[in-house]
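Here is a chain to go through by question and answer. Each answer sets a value against its definition.

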Amino acid sequence: MYDLIHIPVTPPPSVKKTKPLVITMIIAVSAAFLMLGSGYAGARIAQSQFFSFSDDASTVTEYSSDIAANSIELLSSNLYDSGLSLPDLFEITNPAVVAISTQITGHNIFGQPISHPSAGSGFLVSHDGYIVTNDHVIENATSITVLMYNGIELPATVVGRAPASDLAVIKVEGVYLPFLSFGDSDSVRVGEQVAAIGNPLGQLANSMTVGYISAISRDINIDGVSINKLQTDAAVNRGNSGGPLINLHGEVIGIVSAKSTGVDVEGLGFAIPSSYAKTIVNQLIESGFVSGRAILGVQVSIYEDSHEVLIASVNRGGAADRAGVLPGDIIVAANGTIISSFAELREVLDSASPREEMELLIRRGNVEINVIVTLDEDRPMGV
């Protein structure tokens, strides 16, 4: 769990203060990971999309070579100039999106154990059956069943969980399964058209809704955890959690994970950015848990007008404190990367390891100084 907390800074006196809008968040939906590259890599991924299950659910057989060839030709024809049409986008990506059904354990008002069904969405990220979803979709599940796009149901097992990031990986048995890849959410721009594919209401598997990126780098607090997210107006509902948010190039740029509700609220959905999620997913697949993360031991605020990252407070005895960093310092750069947002600082920390040295360029008053910080380790992100 990050120790970086986005605390909006009071604007200068000349700027009129506005009362913050409080939005009630509910866990509802997630957006997924998909990346269809150009050239040979894009062709390989496109080809992997076109498979169907035989009568034996443990094996798969490839569609006719004509269908695979058509899909490859479609992707290679100026994909990054014009993007895919929405029907083609659905046809290519939908086979890798799954509906997830679980049995959840709990207790009734008398304290007796009970079990009830729950549902969500997910998507395959490898040909051998690894599936990404939200952690809250499988939390406390005693059984997990995955419904493939062609109606085949397969049992799934938990590979690893990262509750603090609301991400999880499960697995079904199979070979040459269709799968999606991560795109670069850092390059996403407001106004880009996107599509969400998932299982709304837990009953309408493989439904696609379309919208736009409404905002980037939204710090959304869910169940006490602050996560930086993409905002979209693509319709998402209960049951969409864990599904992919896809751009017109066939890339998964986010995992839909939350929406805003209320009498006057409409078209406010949020997705975990793929650039943040893929590091966690890779760790879950490799080891089944998320290792401790590198932290500075500070809380930061953002000057929205000047895009400056201010150190609001420093944890006593923490990494920054030991290096002489003070409250009020402005972080100009970290390891040579210019820092102008909370997301950029967190990305640099994501690429670092505990006990590693990080060079910070900070501005203190009118003076810029270099500070070497030996990063600490934060453990709460594990399973």
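Two strands pair if DSSP finds at least two bridges between them. Helices (H or I, at least four residues) and strands (E, at least two) are DSSP runs, numbered from the N terminus. This is a predicted model: local features need pLDDT of at least 70, side-chain atom pairs count only at pLDDT 80 or more, and totals for chains, interfaces and linings use all residues. Residues are numbered from 1 along each chain as its sequence is written, and side-chain values use heavy atoms, with hydrogens and water left out.

Q: What makes β5 and β6 a pair?
A: 11 bridges join strand β5 (residues 97-107) to strand β6 (residues 113-124). Pairing needs at least two, so they pair. The strands run antiparallel, and V98 stands opposite G122 in β6. β5 and β6 form a hairpin with five residues between them. G111 in the turn has a positive phi of about 80°.

Q: How do you know that β6 and β7 pair?
A: Two bridges join them, antiparallel. The rule asks for at least two, so the pair counts. F123 stands opposite V132 in β7. This hairpin also has five residues between its strands, and G129 in its turn has a positive phi of about 105°.

Q: Why is S185 called buried?
A: Buried means under 20% relative accessible area (exposed is over 50%, partly exposed in between; 1.4 Å probe, protein chains only). S185 has 6%, so S185 is buried. S185 is found in the loop between β10 (167-171) and β11 (193-198).

Q: What is S185 in contact with, beyond four places in sequence?
A: Contact means heavy atoms within 4.5 Å. By that rule S185 is in contact with L230, I253, P273, S274 and S275. The backbone nitrogen of S275 lies 3.0 Å from a polar atom of the side chain of S185.

Q: Which residues touch the most other members of the largest nonpolar core?
A: A nonpolar core is a set of buried Ala, Val, Leu, Ile, Met, Phe, Trp, Tyr and Cys residues joined through side-chain atoms within 4.5 Å. Of the 27 residues in this core, F123, V132, I255 and I280 touch the most other members. α6 gives the most to this core, with five residues.

Q: How confident is the predictor in residues 1-74?
A: pLDDT is the predictor's confidence in each residue, from 0 to 100. Over residues 1-74 pLDDT stays under 50. The chain's mean is 77. Where pLDDT is low, the predicted coordinates should not be read in detail.

Technical notes. A polar contact is a pair of N or O atoms within 3.5 Å; within protein, one must be able to donate a hydrogen and the other to accept it, and residues adjacent in sequence count only if both atoms are side-chain atoms.
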